[in-house]
Each structure stands twice: as C-alpha cells, then as structure tokens.
Amino acid sequence: MSSYATERPAHTGPAPETTGWIGMVVFAGIMMLVLGGFQIITGITALNRDEVFVVSPGGTALSLDYSVWGWGHLILGAITTLTGVGVLLGQTWARVTGIVIAGMAAMLHFSFLAASPLWVSILIGMDILVIYALAAHGGDVRRKH
C-alpha cells in the first residue's frame with residue numbers, strides 16, 4: 001500500500017525532509033548528462049574527422065595524436081554521462097565521482113584564468129556550487145523506502 005501524497009509505503013512514517021537544494025542536485029546531474037554528451041561527440045569527431053581540429057604546430061599544450069585525444073574524450077564523456085544518470089538516481093558513487101569531476105574541472109578552468117577571467121570565474125563558481133550541492137544535499141534525490 002502506498003500513500004498517494006508521497007508515493008511511499010504507508011507504514012514507513014512521514015517522508016524525509018528535502019531542501020531547496022534538490023534543484024541544484026538535479027541541475028548537476030543534467031549538466032553532467034549534457035557535458036558527457038558533448039565530450040562523446042567531441043571524441044567521435046576527433047576519431048573520425050581529425051581535419052575538424054586544425055591546430056598549428058606547437059599550438060597545443062600537450063602533443064597528442066587525435067586518436068588518443070578522441071578516445072580520451074569518449075571515455076571521459078561516457079564516465080560523465082553515467083555519473084549524471086547516477087546523480088539523478090541518488091547513487092552515492094555518482095555523487096563522489098561527480099565531486100571529483102567538478103573538482104578537476106575547477107582546476108582545469110583555473111589554468112585558463114588569465115585568458116578569460118570573467119568566464120572562467122563563472123565556470124569555477126558553478127563547479128564549486130555543483131560540488132557543494134552534491135556533497136551536502138546529493139542524498140535529497142535518493143528515493144527513501
């Protein structure tokens with residue numbers, strides 16, 4: 001038997017309290033889905049059409065073959081997408097992985113601070129917000145039984 005108002009078993013007592021941060025946790029999960037999808041598309045493009053990424057000699061910080069770059073993006077995109085699904089399902093492993101991904105992104109963005117200070121500051125702020133939402137309120141998404 002379930003209670004219509006909470007869709008929880010009627011004998012379990014009142015539903016646990018959720019906070020207003022659940023929206024940010026859902027936002028973090030959806031952003032991971034979107035960013036993971038972009039990474040996958042970038043990886044597939046780098047693997048199949050390396051002429052799309054034209055860089056002059058010495059124009060990159062790392063000297064990598066496009067197939068290595070493509071596979072890296074493809075794998076990172078798959079991990080990010082699966083993490084986004086896990087966050088939306090309230091999985092603890094996904095919260096931890098999402099925090100790691102957002103932390104790495106913040107450090108990567110920081111390395112570009114001199115090139116684009118306003119945009120990078122916004123991105124770092126979003127990364128920190130995602131980390132806080134997942135760390136402090138990520139359990140709000142989990143369905144309680």
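A nonpolar core is a set of buried Ala, Val, Leu, Ile, Met, Phe, Trp, Tyr and Cys residues joined through side-chain atoms within 4.5 Å. Keep that in mind as you look around, and remember that this is a predicted model.

**The overall layout**
- You'll find 4 helices and 2 strands in this protein.
- Going along the sequence, they come in the pattern β-β-α-α-α-α.
- The protein has 145 residues, and 26% of them count as buried.
- Take the contacts with a separation of 6 or more: 63% of them are between residues 24 or more positions apart.

**The core**
- The largest nonpolar core has 10 residues: Val25, Ala28, Met32, Val87, Ala94, Ala102, Val130, Ala133, Leu134 and Val141.
- Which elements give two or more residues to this core? They are α1 (22–48), α3 (92–110) and α4 (117–137).
- As background, nonpolar side chains in soluble globular proteins tend to be buried together.
- Setting aside neighbours within four places in sequence, Ala133 touches Trp21, Met24, Val25 and Gly138.

**The aromatic pair**
- The structure has 1 aromatic pair.
- Its partners are Trp21 and Tyr132, arranged edge-to-face, with 4.8 Å from centre to centre and 70° between the planes.
- Why does this pair tie together parts that are 111 residues apart in sequence? Trp21 sits in the loop between β2 (8–9) and α1, while Tyr132 belongs to helix α4.
- The cut-offs behind that: buried means under 20% and exposed means over 50%, with partly exposed in between.

**Two helices packing**
- Two packed helices are described by the angle between their axes and the distance between the axes.
- For helix α2 (residues 66–88) and α3, the angle is about 130° and the axes are 8 Å apart.
- That angle makes α2 oblique to α3, and the crossing of the two is left-handed.
- On the α2 side, the contact is made by Ile79, Thr80, Leu82, Thr83, Gly86 and Val87.
- On the α3 side, the residues are Trp93, Ala94, Arg95, Thr97, Gly98 and Ile101.

Notes. Residues are numbered from 1 along each chain as its sequence is written. This is a predicted model: local features need pLDDT of at least 70, side-chain atom pairs count only at pLDDT 80 or more; totals for chains, interfaces and linings use all residues. Side-chain values use heavy atoms; hydrogens and water are left out. Buried means under 20% relative accessible area, exposed over 50%, partly exposed in between (1.4 Å probe, protein chains only). Contact means heavy atoms within 4.5 Å. Rings of Phe, Tyr and Trp (its six-membered ring) pair if their centres lie within 6.5 Å; planes under 30 degrees apart count as stacked, over 60 as edge-to-face and the rest as tilted. Axes are lines fitted to C-alpha atoms, for helices over the stretch in contact, and angles run from 0 to 180 degrees between N-to-C directions. Angles under 35 degrees count as roughly parallel, over 145 as roughly antiparallel, 65 to 115 as roughly perpendicular and the rest as oblique. A crossing is left-handed if the near helix is turned anticlockwise from the far one by less than a right angle, and right-handed if clockwise.
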